[in-house]
Amino acid sequence: MLALIKRPEFTSYDSTSIPKLFESLISSRDINESSTIFFNNITFSQVISQFLQKLDRIEKLEENWDGYNAASASKEAIQNARNFIITHNHLALPFYFITAGVNGEVMLEFNQDSKAAELYFNGDGSTELILFKNDTVFLEGELEDNFQDLIDFFNE
Amino acid sequence: MSENNLEIIPINDEDQLLRRILHSPPEFVIKPDGTPSSSNFSLRTGEDGLSVDIEHLTTHKVAIKNPDRFKLYSLIAKDTTNLNLKNVHAPKEDITLML
């Protein structure tokens, strides 16, 4: 079994971000640009909506946003994080936190009881996945090689 | 003396170290449980340590830089040495210590 399907409370996504959502759907799902898409049918859980809205704000960060010369968020990192959230929002992953990193990356955090995971979307397009059990590193690798491990980790 | 001719001082275990954390909006880097995200303590590419201020060498007003954007967090130096990290005084114009 890949994952459980959650039945969350649904919330509409902020309409001001629909163009970005459209771009993500086009690129991530191979939808023809001439297709007609009815955005009213797109709903996300409250936490996913909040993540996508925060991603919009992360995108607007300027250099030195942390006061210690942090880089602004990379466009590729933003796009890859957005694609991941949209594509996998229905999976039983405990989405917990999203933030920017100092080198332009975007970090997604999952948290459930004694388990946690940090997923980094780096500015060069690479990813890093770290799984923690009781605050100790359990697995470290790239998302591409360990996606199933991420799912299994929170559903075993 | 440092490269920029500033005096190097020893860091004592009881010294308080200060780090600015973005706090506006509050949930940006502070997680729902109230702890700062690990991204606050990541190193920039090319950095060899995390920049902090030594409390007794500055004032909170100076260290916080912009109280509308940041809050100032402190930890005692021995907390980092207990993690086998070195506290090294590496004075810069506006940064005074690298962990």
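Rings of Phe, Tyr and Trp (its six-membered ring) are taken to pair if their centres lie within 6.5 Å; planes under 30 degrees apart count as stacked, over 60 as edge-to-face and the rest as tilted. In this predicted model, ring pairs join A:Phe51, A:Phe84, A:Phe95, A:Phe110, A:Phe121, A:Phe138, A:Phe147, A:Phe153 and A:Phe154 into a cluster.

Over all chains, the structure holds 9 aromatic pairs. One of them, A:Phe84 with A:Phe121, is tilted, at 5.7 Å centre to centre and 55° between the planes. This pair links distant parts of the chain, 37 residues apart. The table lists its two members; buried means under 20% relative accessible area, exposed over 50%, partly exposed in between (1.4 Å probe, protein chains only).

**Sheet of chain A**

Helices (H or I, at least four residues) and strands (E, at least two) are DSSP runs, numbered from the N terminus, and two strands pair if DSSP finds at least two bridges between them. Chain A has an open sheet of 5 strands in the order E3-E4-E5-E6-E7, with antiparallel pairing. Strand E3 (95-100) and strand E7 (136-141) of chain A are the edge strands, each pairing on one side only. From one strand to the next, the twist averages 15°.

Within this sheet, strand E4 (residues 106-112) and strand E5 (residues 115-121) of chain A are joined over 7 bridges in the antiparallel sense. A:Asn111 has A:Ala116 in E5(A) as its bridge partner.

**Helix packing**

Contact means heavy atoms within 4.5 Å; axes are lines fitted to C-alpha atoms, for helices over the stretch in contact, and angles run from 0 to 180 degrees between N-to-C directions. Helix H2 (residues 46-59) of chain A lies across E3 and E4 of chain A, at about 5° to E3(A). Helix H4 (residues 143-155) of chain A packs on the sheet and touches E4, E5, strand E6 (127-133) and E7 of chain A, with its direction at about 30° to that of E6(A).

**Chain B**

Chain B has 2 helices and 5 strands, following the pattern β-β-α-β-α-β-β along the sequence. Of its 99 residues, 37% count as buried.

**Confidence and conventions**

The predictor assigns the complex an ipTM of 0.83 and a pTM of 0.79. Residues are numbered from 1 along each chain as its sequence is written, and chains are lettered from A and ligands numbered from 1 in the order in which they are written.

Technical notes. This is a predicted model: local features need pLDDT of at least 70, side-chain atom pairs count only at pLDDT 80 or more; totals for chains, interfaces and linings use all residues. Side-chain values use heavy atoms; hydrogens and water are left out.
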